[in-house]
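Please look through the sequence and the structure shown here, and then read the report that follows alongside them.

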Amino acid sequence: MESVWKKEARHISFDALKGNKTTDVLIVGGGIAGILCAYKLKNAGVDCILAEAGNICGGVTQNTTAKITLGHGLIYDKLIKRFGEEKARLYLEAQTRAGKEYADLCRNIDCNFEIKDSYVYSLDNRRKLEREIEALHRLGAEAEFSDADELPFKVAGAVRMRRQAQFHPLKFLYTLAKDLPIHENTKVIEFLPNKVVTNRGSISFRKLLIATHFPIFNKHGSYFIKLYQHRSYVLALRGAQSINGMYVDESETGLSFRSFGDLLLLGGGGHRTGKQGGCWQELEAFAAKAYPNSEIVSRWATQDCMTLDGVPYIGRYSASTPDVYVATGFNKWGMTNAMVATDILCDLVMEKQNPYAEVFSPSRSILHPQLAINAFESTVGLLTPTAPRCPHLGCALKYNRAEHTWDCPCHGSRFSENGEVIDNPATDDNESIGK
């Protein structure tokens with residue numbers, strides 16, 4: 001189970017930390033957000049270190065579908081209703097700026113960067129699409145209705161956004177990372193005031209950026225109740241119908257499509273981590289019907305942190321941790337949101353004003369219906385009297401038959417059948433599995 005990105009990219013490696021070090025800015029987490037932050041800070045002349053527990057890009061980043069687009073589902077109509085037109089416009093501006101920054105960087109990097117139109121389609125609700133187009137026009141964005149006739153099934157239509165992009169994420173990130181101050185296999189095991197203890201030594205800092213997908217600093221910020229995790233699956237098909245654009249269903253459990261060379265990347269089968277879902281079986285059944293002559297050449301799965309209101313948490317970790325910052329909850333749109341996080345966090349640690357910081361602030365209201373769902377799932381997980389349990393906060397784990405893993409429905413931690421930790425927020429292996 002390996003993504004096409006991992007198969008094609010030449011991995012680079014970095015030495016583990018040796019002894020104790022001091023830096024102005026410590027970045028914990030070597031995925032796309034962490035690497036982009038380190039790249040921008042280093043180029044701004046800021047002394048920084050990135051510590052990664054395993055290998056850079058070894059987690060969720062290597063399993064993305066790598067779409068660089070403003071089309072984050074049907075979000076803009078919702079943002080106007082939740083936050084008002086001004087904050088919705090700022091969200092859009094931040095994403096637009098992120099896309100332009102990728103285009104600028106990719107001009108000098110061989111990473112299969114391609115300009116593509118982006119489509120958010122609906123199977124049966126044209127009015128939803130029309131409202132989204134109206135919202136985008138109010139915010140100053142170009143969008144139009146499309147019949148989406150490239151798709152192998154009938155839809156009510158799609159919101160089309162021209163001149164978005166797709167790329168090869170690992171080729172891009174390995175190029176950026178090669179000269180950065182990175183320590184791999186350096187796992188943070190304790191947080192102290194302006195200092196972390198790792199398995200290889202300690203690192204003292206002035207500012208700390210947590211870019212570990214799900215935040216691992218458990219004592220602050222209430223992220224255990226503000227976030228949940230969602231799994232989705234991808235098949236790489238050879239011999240399937242070519243798709244020229246990037247397509248995603250407005251439904252959280254729908255299908256997505258994009259091309260990569262002669263391959264079609266078919267995504268879907270999604271479900272809340274620890275729950276039942278369609279998984280690869282759903283995609284295989286669809287491919288057999290829609291693309292009967294195609295061949296599956298690769299398959300993989302990914303996991304996304306989902307916020308209460310559809311907007312990432314980027315900024316100060318909590319009111320009680322003034323020197324600690326976070327980037328999490330990218331809601332399936334990690335490419336542009338990682339770049340947005342980079343711009344905001346780098347400005348904050350350099351004590352500059354950022355026009356988008358308030359929109360993404362982790363301290364904004366948590367009074368949303370999803371909060372009750374997250375609380376319910378956590379309560380059920382804690383009260384379920386079965387083993388094994390998750391070492392993060394003690395919830396009962398569920399066996400994932402599709403991936404042969406033990407998954408936590410409360411907060412999304414995942415473990416192998418041998419108890420090895422795969423996905424956080426848990427940071428340690430689970431000794432209760434397999435006993």
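E351 counts as exposed because its relative accessibility is 65%, where exposed means over 50% relative accessible area, buried means under 20%, and partly exposed lies in between (1.4 Å probe, protein chains only). This residue lies in the loop between α9 and α10 (357–360), and E351 has a positive phi of about 60 degrees although it is not a glycine. H404, with a relative accessibility of 45%, counts as partly exposed, and H404 is found in the loop between β18 (398–400) and β19 (405–407). Most residues other than glycine have a negative phi, and most peptide bonds are trans.

| Residue | Phi |
|---|---|
| E351 | about 60 degrees |
| H404 | near 55 degrees |
| N194 | near 55 degrees |

All of this is read from a predicted model, in which local features need pLDDT of at least 70 and side-chain atom pairs count only at pLDDT 80 or more, while totals for chains, interfaces and linings use all residues. Residues are numbered from 1 along each chain as its sequence is written, and side-chain values use heavy atoms, with hydrogens and water left out.

The helices and strands named here are DSSP runs numbered from the N terminus, helices being H or I over at least four residues and strands being E over at least two. P425 is found in the segment after β21 (421–423), and the peptide bond from N424 to P425 is cis, with omega near 25 degrees.

Another antiparallel pair is formed by β8 (residues 188–192) and β9 (residues 195–198), which are joined over 4 bridges. F191 stands opposite V196 in β9, and the hairpin of these strands, with 2 residues between them, is where N194 takes its positive phi.

Which residues does L50 touch, leaving aside its neighbours within four places in sequence? L50 is in contact with I27, G29, G30, G34, I35, A38, P181, I182 and H183, contact meaning heavy atoms within 4.5 Å. L50 lies in strand β2 (residues 48–51) and counts as buried because its relative accessibility is 0%. Although L50 and I182 are 132 residues apart along the chain, their C-alpha atoms are separated by 4.7 Å.

Finally, helix α2 (residues 32–43) and helix α9 (residues 334–349) pack at an angle of about 40 degrees, with their axes 9 Å apart. That makes α2 oblique to α9, since angles under 35 degrees count as roughly parallel, over 145 as roughly antiparallel, 65 to 115 as roughly perpendicular, and the rest as oblique. Among the residues making the contact are L36 and L41 of α2 and M335 and V349 of α9.

Technical notes
Axes are lines fitted to C-alpha atoms, for helices over the stretch in contact, and angles run from 0 to 180 degrees between N-to-C directions. Two strands pair if DSSP finds at least two bridges between them.
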